[in-house]
Amino acid sequence: MKPTGTITRVADMQAWSEEKRACGQRVALVPTMGYLHAGHCSLLKLARQQADQVVMSLFVNPTQFGPGEDYARYPRDTERDLNLAAEYGVDVVFMPSTEEMYPDGSIHFVDASDVVDTLEGEYRPGHFRGVLTIVAKLFLAVHPHAAVFGEKDAQQWWLIQKMVKDLNFPIKLISGPTIREPDGLALSSRNTYLSPEHRKQAVALSRGLKVAQALHQKGESNAYILRQHIWDAIAEQPDAQIDYVEIVSQSHFAPVTLVQEPCLALVAARFGQTRLIDNIALN
Ligand code: AMP
């Protein structure tokens, strides 16, 4: 297994990418904040199928964390991440410093209306401004032909597709399905925060979503009833604090009252200090 190369400077990343492009090679990017799990690795596999050169970015982006959120304690293990990247055939890991991505006086941000202030955006003000800004900056640094994201972060995925369309980024977007633990819990770097007791309780998120999906498949289309089933499954956990349970259309990411088009059921809940999100398709 060949060790993965690392690049820390934007200018070096751009030069590397232009060199590969000049040879007619396709470059795919997988953005991550590291502490890789099987969900990230599934995206690396998808990228490998899409391109001659796979770049994984590894950057814990401060601008997408609000005050009092877990930026400082976000789990980090660069050595392990580099080994996993090599195992999955990543050609280069782009791992810039914060100063490199946000030089002194960096004042330009990518923003969006409506959807950035709902759901995750309501509970994490400024989060999507930070996400869209870093994704745009990574696109300009890596200049990929394709970029791969997880459907686990459904609102993020929707907003990135919208940004790419609105700003005409010439990048093919690819999404990968949510990878789960055998009991259904969606993999997340934040699962490491969970105590054993909260780890057990957190399964209620995916259990509730699956109940709603099964009911929908049997013909229930009333969003209020579907939401109630999800809510109840989570609320019966002694330490669960629900931020939201919502059903949105996949086209506009807006809440629906009837599930008559492809929709997503979305949840966010806290177990102690750990905030988790999950979603399932209602098609
Ligand atoms: P993060 O490191 O949390 O910023 O995530 C990097 C990428 O991995 C994002 O596109 C996420 O949507 C994706 N991702 C996170 N968890 C999962 C999962 N369980 N299954 C598939 N993709 C995931």
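Visitor: Which residues surrounding the ligand are the closest?

Guide: A residue is near a molecule if one of its heavy atoms lies within 4 Å of that molecule. Here 17 residues surround the ligand. H40, G150, D153, I179 and L187 are the closest.

Visitor: What should I know about the model before reading on?

Guide: This is a predicted model, where local features need pLDDT of at least 70, side-chain atom pairs count only at pLDDT 80 or more, and totals for chains, interfaces and linings use all residues. Residues are numbered from 1 along each chain as its sequence is written, and side-chain values use heavy atoms, with hydrogens and water left out.

Visitor: Which polar side-chain atom lies 2.6 Å from an oxygen atom of the ligand?

Guide: Start with the rule. A polar contact is a pair of N or O atoms within 3.5 Å; within protein, one must be able to donate a hydrogen and the other to accept it, and residues adjacent in sequence count only if both atoms are side-chain atoms. The atom you ask about belongs to D153. A polar backbone atom of G150 is 2.8 Å from an oxygen atom of the ligand. For I179, a polar backbone atom is 2.9 Å from a nitrogen atom of the ligand.

Visitor: How much of the ligand does the protein bury?

Guide: Accessible areas come from the Shrake-Rupley method with a 1.4 Å probe; for residues, only the protein chains shown count as cover. Alone, the ligand exposes 490 Å². The protein buries 92% of that.

Visitor: Which element supplies the largest share of the shell around the ligand?

Guide: Helices (H or I, at least four residues) and strands (E, at least two) are DSSP runs, numbered from the N terminus. β2 (27-32), α2 (38-50) and β5 (146-150) each give at least two residues to the shell. The largest share is three residues, from α2.

Visitor: How do the shell residues divide into nonpolar, polar and charged?

Guide: Ala, Val, Leu, Ile, Met, Phe, Trp, Tyr, Cys and Pro count as nonpolar, Asp, Glu, Lys and Arg as charged, and the others, Gly among them, as polar. The shell holds eight nonpolar, seven polar and two charged residues.

Visitor: How many aromatic pairs are there?

Guide: A ring pair is described by the distance of the centres and the angle of the planes. Rings of Phe, Tyr and Trp (its six-membered ring) pair if their centres lie within 6.5 Å; planes under 30 degrees apart count as stacked, over 60 as edge-to-face and the rest as tilted. The count is eight. F149 and W157 form a tilted pair, with 6.3 Å between centres and 35 degrees between planes. Ring pairs also link F139, F149, W157 and F169 into a cluster.

Visitor: Are F149 and W157 buried or exposed?

Guide: Buried means under 20% relative accessible area, exposed over 50%, partly exposed in between (1.4 Å probe, protein chains only). F149 is buried because its relative accessibility is 4%. W157 is buried too, at 13%.

Visitor: Which residue lies over the face of F109?

Guide: A charge sits over a ring if NZ of Lys or CZ of Arg is within 6 Å of the ring centre and within 35 degrees of the ring normal. R129 lies over F109, 4.1 Å from the ring centre. The charged end of R80 sits over the ring of Y35, 5.8 Å from its centre.

Visitor: Which side chains make polar contacts with the side chain of R275?

Guide: R275 lies in strand β9 (residues 274-282). Its side chain contacts the side chain of E120 at 2.8 Å. Another polar contact, also 2.8 Å, joins the side chains of R275 and D243.
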